[in-house]
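Colleague: I am new to this structure and would like to learn how to read it. Could you take me through some of its features, one at a time?

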Amino acid sequence: MGNTKVLVVDDEASIRRFLRVTLTSQTYTVFEAASGKEALSRVAEDKPDIVVLDLSLPDIDGIEVTRLLREWTQKPIIILSVRGAENDKIAALDAGADDYLTKPFGVGELLARLRAALRRAEKTSGDPVFISGSLKVDLSRRLVTVAGNEVPLTPNEYGLLRVLVTHAGKVLTHRHLLHEVWGAEYGDEFHMLHVNISNLRRKVEPDPARPQLILTEPGVGYRLKISE
Amino acid sequence: MSLPEINPNPERKNKPIKRAYYWRRYLIGLGLFVLATLLGYLVRTFFAPTNIIMIYLLCVTVSAVLGGLGPSIMVSILSVLAFDFFFITPYLTFAVDDTQYIFTFIALLLVGMIISYLTSRVRQQTEAARLRERETAALYALGRDLAISGDLLSYIEAIVKRIKETLGHDVIMFLPDTQSDGKLKAYAGDAETGIDQNELDAAGWSFQYQKKAGHGTETFSNAKARYLPLVTVRGAVGVMALIAPGTMGELSIEQERLLRAYTDLVAVSIEGIQLSDELRNVQVLKATEKLQTALLNAISHDLRTPLVSVIGTLSSLQEEGIGLDDAAKKNLIQVAREEADRLNHLISNLLDESRIEAGAITLSRQSSEVQDLVGAALEQLGSRVSTRMINIDVPSETPFISVDFGLIVQTLANILDNALKYSPPDSPIEIRARQISQEVHIEIADHGVGIPEQDLPHVFSKFYRIKRPDNVAGTGLGLSISKGIVEVHGGHIKAENGQDGGTIIRLILPVDAPNAKTGVKNNG
């Protein structure tokens, strides 16, 4: 991992400094950018493996930066935002960001998100079998088992689980899930999504009241947890 | 006989009653005179003429009491003439045999006049006293209106009503409007419709120069109303307009005087109300300032305390001279981290509170499952709940609620945080949800000491913290924010004490009715 390159985009010098010190000590190579424009040129020149992007930038906002980057690169993007800016988060995720962190955050959390995003990006050939805890999903055989027992799912529940598994570890917004499973015209049927998630949890979670696999990202969407 | 009191002035249309009254007084005098003459005539054979004079004097006195000065003078003169005509020889002529009776006539006339004058003065004084009493009663009534009403608008209403009652005229009050640079604003009255620019100008002139204007005065005499400035020692406080004084006849002298007394009293009263309003505003401002200072003190203490730990820890790690072993360092860092988290929590709460107070919260409602909300709240509390026994009882048939997911999770987390803090570490916490008619009740119950009965109504107040023996960190904002959030959703929040001790916080939120079917239909 010694040559993993991270681009840190934030207009606050103290935050860039703190991230550089922390990430360098974890053997990452760190590049910095203080504005949206600088970020765009840095990504082109330095070719980082992953981008940590603050949403509030002085020139172009982070959502737009995400959109512009996604026009030509699929390198993972982790958004930094403040609490309460849920709509910005959703917009950035819909624009193609992989994950988000709410400021202030702990270093442990940041490192975990970086590792997960990098691992997802490295995984080139799709492995049809996903395992997390007692849940096993075999996409090639459309087979879902919990602790070895097959779980019968409705087509929509299976559709949801399939989208979650193919993007395991990534935050998926409500709208994204609705588009993928039901189609674009169902983009606002949040209730339908919640009902299906609820049913799915009852079938695959050991304790549906305290989900361990299908995690709720409050106000944003859902994420399938991958075992570390 | 000429009657100078009767003035056939065409403007005085309301005078017929008064004129008839005058006529009646003279008729009474005349009647009494005729009666006295008949009586004298009947007894003339037994009584000396000088005694018959007494009958006439009695008649003059009674006329003066009943009819006043005019009738009694009339009776005096008639008495002298009749006495001469009927009772002095030669009878039935005005000629007199005995010239000494000339003196009797003069004496009778003078005595009659004096009696008339004295009696009528007594009458006038009585009349004046009665008028004064009426005036005092009217002013007293207006004063009582002031005491009862208390605020300006209801007082003005009372004035208008009172003057309509006592003087029979509609009244409009004009007071300077503080919101539009002291321009006069009309208050009260059903007669408000008649105000045009000319009337407003008249009122404005009267206010500016503190003089009467409008109908019946020299300035703006074409105006429909008469404008009387309300003047106190500090200047004019407003203008009172007496609507259409001409149509009802001029005011009598007493009414004019009463009106003057009214304007003086009203002016002073309005000034008094305005001054007390100002005073109250100043007091409110002072109280607000005091509260803000207190809040600032409390907050700055709460903000600084965690920083003291953080800065202290960092500086001791920075100092190379202090030989800290790894365990000590780890311990210090742990403290700093917890304190920094606390600071972050406090700042978030303060921001939420100010957003709620400013009405700046916009809900992004979405149909949410109660179990999901509870799960996310527990997730947010992280390691703090993993060591506690938490019993979740949310039946799967619990309906969805249409809420802002993030805000309600925050609320549940705040309440859970309280439950964790205010109950023993080994006691369980219960989370229950039930549908009751068209609402979902979410209860969070702990098994701590509970909330003293007298504190229950206050726990949702800002910065309110129950006095507890053990010093638990907190700002007293959590529940106040929770209340704000729940109420923005159209719900309620309540604090109760459990039957076997402990606190129950109950959130009541409306069921998400319109979308409930969509999900089930499309499910699977």
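Modeller: Happy to. Let us begin with B:S437, which is found in the loop between β9 and β10 of chain B. Keep in mind that this is a predicted model.

Colleague: What is the phi of B:S437 near?

Modeller: The general idea comes first: most residues other than glycine have a negative phi, and most peptide bonds are trans. In B:S437, phi is near 45°, a positive value in a residue other than glycine. This serine belongs to the hairpin of β9(B) and β10(B), which has two residues between the strands.

Colleague: Is B:S437 buried or exposed?

Modeller: To read that, count the other C-beta atoms within 10 Å: 20 or more means buried, and 12 or fewer means exposed. B:S437 has 5 such atoms, so this residue is exposed.

Colleague: How many bridges hold β9(B) and β10(B) together?

Modeller: Seven bridges, and the two strands pair in the antiparallel sense. You can follow the pairing residue by residue: B:R434 stands opposite B:H441, and B:Q435 stands opposite B:V440.

Colleague: In which sense do β7 and β9 of chain B pair?

Modeller: Strand β7 (residues 390–393) and strand β9 (residues 429–436) of chain B pair in the parallel sense, over four bridges. B:I392 has B:I431 as its bridge partner in β9(B).

Colleague: In what order do the strands of that sheet of chain B come?

Modeller: The order is β7-β9-β10-β12-β11 in chain B, an open sheet of five strands with mixed pairing. The edge strands are β7 and β11 (492–497), each of which pairs on one side only. On average, neighbouring strands here are turned by 15° against each other, direction ignored.

Colleague: Which strands form the open sheet of three strands in chain A?

Modeller: The order there is β10-β12-β11 of chain A, and the pairing is antiparallel. β10 (171–173) and β11 (214–217) of chain A each have a single partner strand, so one side of each is left without a neighbour in the sheet. In this sheet, neighbouring strands are turned by 30° against each other on average, direction ignored. β10(A) is joined to strand β12 (residues 221–224) of chain A by three bridges, and A:V171 has A:R223 as its bridge partner.

Colleague: Which residues does the cis peptide bond with omega near -10° in chain A join?

Modeller: That bond runs from A:K103 to A:P104. The proline lies in the loop between β5 and α5 (107–122) of chain A. In chain B, a cis peptide bond joins B:T89 and B:P90, with omega about -10°. B:P90 lies in the loop between α3 (69–87) and α4 (100–149) of chain B.

Colleague: Now the interior. What is the general idea behind a nonpolar core?

Modeller: In soluble globular proteins, nonpolar side chains tend to be buried together. Here the largest nonpolar core has 57 residues, and those with the most contacts inside it are A:V52, A:L53, A:I78, A:I79 and A:L161. α8(A) supplies the largest share of this core, seven residues. Both domain 1 (5–122) and domain 2 (129–224) of chain A give at least three residues to this core. Apart from it lies another core, of 40 residues, among them B:I401 and B:F460.

Colleague: Which residues is A:I79 in contact with, leaving aside neighbours within four places in sequence?

Modeller: They are A:L53, A:L55, A:G62, A:K89, A:A92, A:A97 and A:Y100.

Colleague: How many residues of chain A are in contact with chain B?

Modeller: 24 residues of chain A are in contact with 26 residues of chain B. α8(A) gives the most to that side of chain A, with nine residues. By class, that side has nine nonpolar, nine polar and six charged residues.

Note on methods: Residues numbered from 1 in each chain as written. Chains lettered and ligands numbered in written order. Predicted model: local features only at pLDDT ≥ 70, side-chain atom pairs only at ≥ 80, totals over all residues. Contact = placed C-beta atoms within 7 Å. Nonpolar A, V, L, I, M, F, W, Y, C, P; charged D, E, K, R; others polar. Core = buried A, V, L, I, M, F, W, Y, C linked by C-beta atoms within 7 Å. Domains from an automatic or database assignment. Pairing = 2+ DSSP bridges. Axes fitted to C-alpha atoms, helices over the stretch in contact; angles between N-to-C directions.
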